[in-house]
Amino acid sequence: MSTYESEFLRVLESRGYIHQVSDAAGLDALARDERVISYVGYDCTASSLHVGHLNTIMMLHWLQQTGNKPIALMGGGTTRVGDPSGRDETRKLLTYEQIDANKESIKKTFSKFLTFGDGASDALMMDNAEWLAGLNYIEMLRDVGRHFSVNRMLTMDSVKLRLEREQELSFIEFNYMILQSYDFVELARRTGCNLQMGGSDQWGNIVNGIDLGRRMGTHPLYALTCPLLTTASGAKMGKTAAGAVWLDAEMLSPYDYWQFWRNTEDGDVVRFLKLFTTLPLDEIEKLAALGGSEINEAKKVLATEATALMHGRAAADQAAETARKTFEEGALAATLPTVEIAKADLDGGLGVLTAFAQTTGLVASNGEARRQVKAGGLKVNDATVTDEKATLTARDLTAEGVIKLSLGKKKHVLLKPV
């Protein structure tokens with residue numbers, strides 16, 4: 001039974017998005033009786049957002065689906081400073097031209113999840129450079145800076161962790177939380193915004209914005225954060241051996257995106273279906289009941305639905321069909337060469353260099369295999385090989401009973417124990 005009366009918070013709670021709320025009763029009443037206008041900020045540090053951003057994008061999606069108004073805030077101004085949250089070192093400062101190019105590139109992601117327009121619940125896209133870039137430093141110190149306590153700023157995780165590790169925190173980064181707080185106040189004044197959402201690492205910055213709004217006379221402001229995602233095994237969500245899982249199809253193909261979700265750990269499937277698809281909860285519960293090897297069917301549903309949201313239904317179905325042809329019995333001979341090996345070869349562990357060189361001939365020699373490992377050119381089941389001493393065992397067999405070896409993007413061989 002939900003503790004919330006508003007549809008917005010009930011949906012977020014039921015799908016697993018809520019970590020902290022600043023005033024749960026007040027926000028619930030606002031969402032029930034009036035309208036929530038909420039923003040999430042996205043700095044333009046790369047030309048694409050990645051899977052780690054999906055949680056908050058989906059929160060904006062459900063905000064709009066429940067009749068409220070989302071704002072996607074581009075950090076054209078704050079990217080010039082760099083957010084120290086969760087960082088061990090100072091971010092590399094980008095040129096204004098790089099920031100603008102990144103901003104234009106990532107804008108197109110949001111149209112997949114939000115409907116933009118002039119209606120009451122239509123999404124807005126704004127850029128904080130509009131008010132930050134022209135700030136007068138003296139006036140900023142006098143009007144905004146005076147409301148901040150350095151003592152309190154030093155207790156924020158983004159600052160405290162860096163200082164405890166005796167890692168340098170630049171003065172420009174130290175100011176980031178002031179700028180983020182000021183964003184909240186400006187959006188409150190310009191659009192009636194009353195809620196800021198973000199990952200749990202942003203809690204301190206968001207609460208500072210609420211406090212600044214109170215001191216500068218805005219209407220009541222609220223904070224809501226989602227959990228920072230880790231996988232069931234404790235790994236950071238969206239990071240693979242090959243790097244970030246990008247949302248832009250030009251940086252990561254829809255097929256590779258589909259494979260990322262298909263390779264979800266068993267313990268994460270239901271949670272990710274709730275977070276990263278729009279499937280109704282009763283359908284997800286039916287998938288949750290699948291046990292044993294049937295969990296792979298739920299993983300395929302997750303992969304296809306998540307890919308359809310990001311890249312469209314046609315691209316998702318094509319990725320699923322490509323995977324089916326690549327891995328499932330009956331289509332292997334028509335798609336990929338298959339090398340049969342004795343089951344005993346996997347019992348003692350088949351050296352990965354041997355597998356690529358002698359067993360399959362994908363590379364000419366063990367030495368060439370080593371060079372490819374260092375260059376990131378070899379993959380096992382679409383995961384980049386990073387250890388030349390790694391061995392292949394029965395644990396590496398896919399649900400279809402094969403091990404896929406890849407050299408680059410176009411040369412693949414399936415190992416099939418008999």
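This briefing covers salt bridges in a predicted model. Local features need pLDDT of at least 70, side-chain atom pairs count only at pLDDT 80 or more, and totals for chains, interfaces and linings use all residues. Residues are numbered from 1 along each chain as its sequence is written, and side-chain values use heavy atoms, with hydrogens and water left out. The structure holds 19 salt bridges (a side-chain nitrogen of Lys or Arg within 4 Å of a carboxyl oxygen of Asp or Glu). Side chains of opposite charge can pair when their charged atoms come close.

**K103 and its partners**

- K103 forms a salt bridge with D127, with the closest N and O atoms 2.5 Å apart.
- That pair links distant parts of the chain, 24 residues apart: K103 is in helix α4 and D127 is in strand β4 (residues 124–127). Helices (H or I, at least four residues) and strands (E, at least two) are DSSP runs, numbered from the N terminus.
- K103 and D127 are both buried (under 20% relative accessible area, with a 1.4 Å probe and protein chains only; exposed is over 50%, and partly exposed lies in between).
- K103 also forms a salt bridge with D100, at 3.7 Å between the closest N and O atoms.
- Both K103 and D100 lie in helix α4 (residues 96–110), three residues apart, about one turn of the helix.
- K103 has a relative accessible area of 10%, whereas D100 is partly exposed at 38%.

**E388 and R370**

- The side chains of E388 and R370 meet in a salt bridge of 3.4 Å, N to O.
- This pair links distant parts of the chain, 18 residues apart: E388 is in the loop between β12 (383–384) and β13 (391–392), and R370 is in helix α20 (residues 366–375).
- E388 is partly exposed at 28% relative accessibility, and R370 is partly exposed at 35%.
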